[in-house]
Amino acid sequence: MAGFNKVVSSYEEAMAGLTDNMTVISGGFGLCGIPENLISEIKRKGTKGLTLVSNNCGVDDFGLGVLLPDRQIKKIVASYVGENAEFERQMMSGELDVELTPQGTLAEKMRAGGAGIPAFYTATGVGTPVAIGKDERQFNGRDYILEEAITGDFAIVKAWKADKYGNLVFRRTARNFNPMAATAGKITVVEVEEIVEPGELNPDEIHTPGIYVNRLIQGTFEKRIEQRTTRPTNNK
Amino acid sequence: MALSRDQIAQRVARELQDGFYVNLGIGIPTLVANFVPGGIEVMLQSENGLLGMGQFPTEAEIDADLINAGKQTVTMAIGASIFDSAESFAMIRGGHVDLTVLGAFEVDVNGNIASYMIPGKLIKGMGGAMDLVAGADNIIVTMTHASKHGDSKLLSNCSLPLTGKGCIKKVLTDLAFIEIKEGKFHLLERAPGVSVDEIVKLTEGELVVPTNVPEMQF
């Protein structure tokens, strides 16, 4: 690796240094925009005791769900964890620690973590189980709870395109949590569909600047669809 | 007759105004998009990062990178924009969304809502619902008035863990349109052919009934 070139040549290299009991922040919403090959590499490595921070936990055989059978996840911080039978089993039996976090709060926790803001107040969750044990304060007559930022030892991210310097462009709703995750990892690893030369991306159209990115790899993606819904072709 | 799912959606759609940015939850709320009154334009926000959600794609248009908050494949309407999750919830938390429609298990006379968790039974998570109810001023809850066993879902106190506190002002059930204010339910409209008595019987929380309760027209 020379200068600002972030490209690594193998998934093994991409996830080098990930060890047991680390915290990993992952981008993705459902199965959309998930770093599927980086997840597979974590499965292959067999790293255990992980704390995962991700909006969802995949399905039984795809996405972060593949880390469940070998009990690689100790704790997950997520907003929605349906659609996964093994997840439910491990959660109900107490093998898996689940911290349910409202989706907007989760996004903001990552954003704050990456931006060096230790905590923030939000009205989300006031008077609900989410508020238990959290500092409460009124501003302008309204109640807010204090939510702490999240950072990870690793962040794993899926983008559409990157240049070799790690400037990222996302596509459609596969963007979701990825830009925030990218800012919040001590080591941020990004996999993309295409890597181009520096200068080829329009600087005005870069979603995540390369300063947040440590390692970059080009992969091929299955992009599984969770809910395939269509309308008939002739129906306008 | 109790309202059908489509009729609930149809009645909610009459609350839409031209130029509204609207977030529709999963289930019945999603159907509201099918009944947008003629002559008005609304833009649908999907909290996974899309403003200007279009209809479902044709088989040829399916794009794995383009889904809604229910993880369904969708398309983009003309004038759509895409953004990340923090930006999406900045819109929601900052009160920029004009109307939010979502489902619930229970609501109570103090505007509390329980919609995400049945302890020991169903634990899937709140998704964006807690942010939506805390951030929006204008919320309509859609749900059935009572359970299959006849247990009221409009209560003096929610029995399930809350999704939000004191944030619900309007509820449309299969039997009635109800406003919540000053710690009471207020009956605004009834479903066609449903008597006031029937609604009173299935409403556990205190219900204020005016002399004249108009019947919804479809």
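How many bridges join β5(A) to strand β7 of chain A, and which way do the two run? In this predicted model, the count is four, and the two strands run antiparallel. Strand β7 covers residues 142-148 of chain A, and one of its residues, A:I145, stands opposite A:T122. The pair belongs to an open sheet of three strands, ordered β5-β7-β6 in chain A, with antiparallel pairing. That order leaves β5 (119-122) and β6 (136-139) of chain A as the edge strands, each pairing on one side only. From one strand to the next, the twist averages 40°. A helix packs on this sheet too: α4 of chain A, residues 103-114, touches β5 and β7 of chain A. The direction of α4 makes about 150° with that of β5(A).

Over in chain B there is an open sheet of ten strands. Reading across, the order is β4-β3-β2-β1-β5-β10-β12-β13-β14-β15, and the pairing is mixed. The edges here are β4 and β15 (207-208) of chain B, and each of them pairs on one side only. As for a parallel pair, strand β10 (residues 139-143) of chain B is joined to strand β12 (residues 170-173) of chain B by four bridges. Within that pair, B:M143 stands opposite B:T173 in β12(B). Helix α1 of chain B, residues 5-13, packs on the sheet and touches β5 (99-103), β10, β12, β13 (176-181) and β14 (184-190) of chain B. Its direction makes about 150° with that of β12(B).

Now for the interface. Contacts involve 47 residues of chain B and 50 residues of chain A. Between them the two chains bury about 4,200 Å², with 59% of it on carbon and sulfur atoms. On the chain B side, B:D65, B:K71 and B:K124 supply 19% of the area buried against chain A, more than any other three residues.

Polar features turn up here as well. Five salt bridges are counted between chain B and chain A; one of them links the side chains of B:E61 and A:R231, at 3.1 Å from N to O. There are also 26 residue pairs in polar contact between the two chains. In terms of secondary structure, β4 (76-82), α3 (85-93) and α4 (129-135) of chain B each supply at least two residues of the side that touches chain A. The largest share, four residues, comes from α3(B). Sorted by class, this side of chain B has 20 nonpolar, 15 polar and twelve charged residues.

Key. Residues numbered from 1 in each chain as written. Chains lettered and ligands numbered in written order. Predicted model: local features only at pLDDT ≥ 70, side-chain atom pairs only at ≥ 80, totals over all residues. Heavy atoms only, no water. Contact = heavy atoms within 4.5 Å. Buried area = accessible area lost by both parts, 1.4 Å probe. Salt bridge = Lys/Arg side-chain N within 4 Å of Asp/Glu carboxyl O. Polar contact = N/O pair within 3.5 Å; in protein donor to acceptor, adjacent residues only side chain to side chain. Nonpolar A, V, L, I, M, F, W, Y, C, P; charged D, E, K, R; others polar. Pairing = 2+ DSSP bridges. Axes fitted to C-alpha atoms, helices over the stretch in contact; angles between N-to-C directions.
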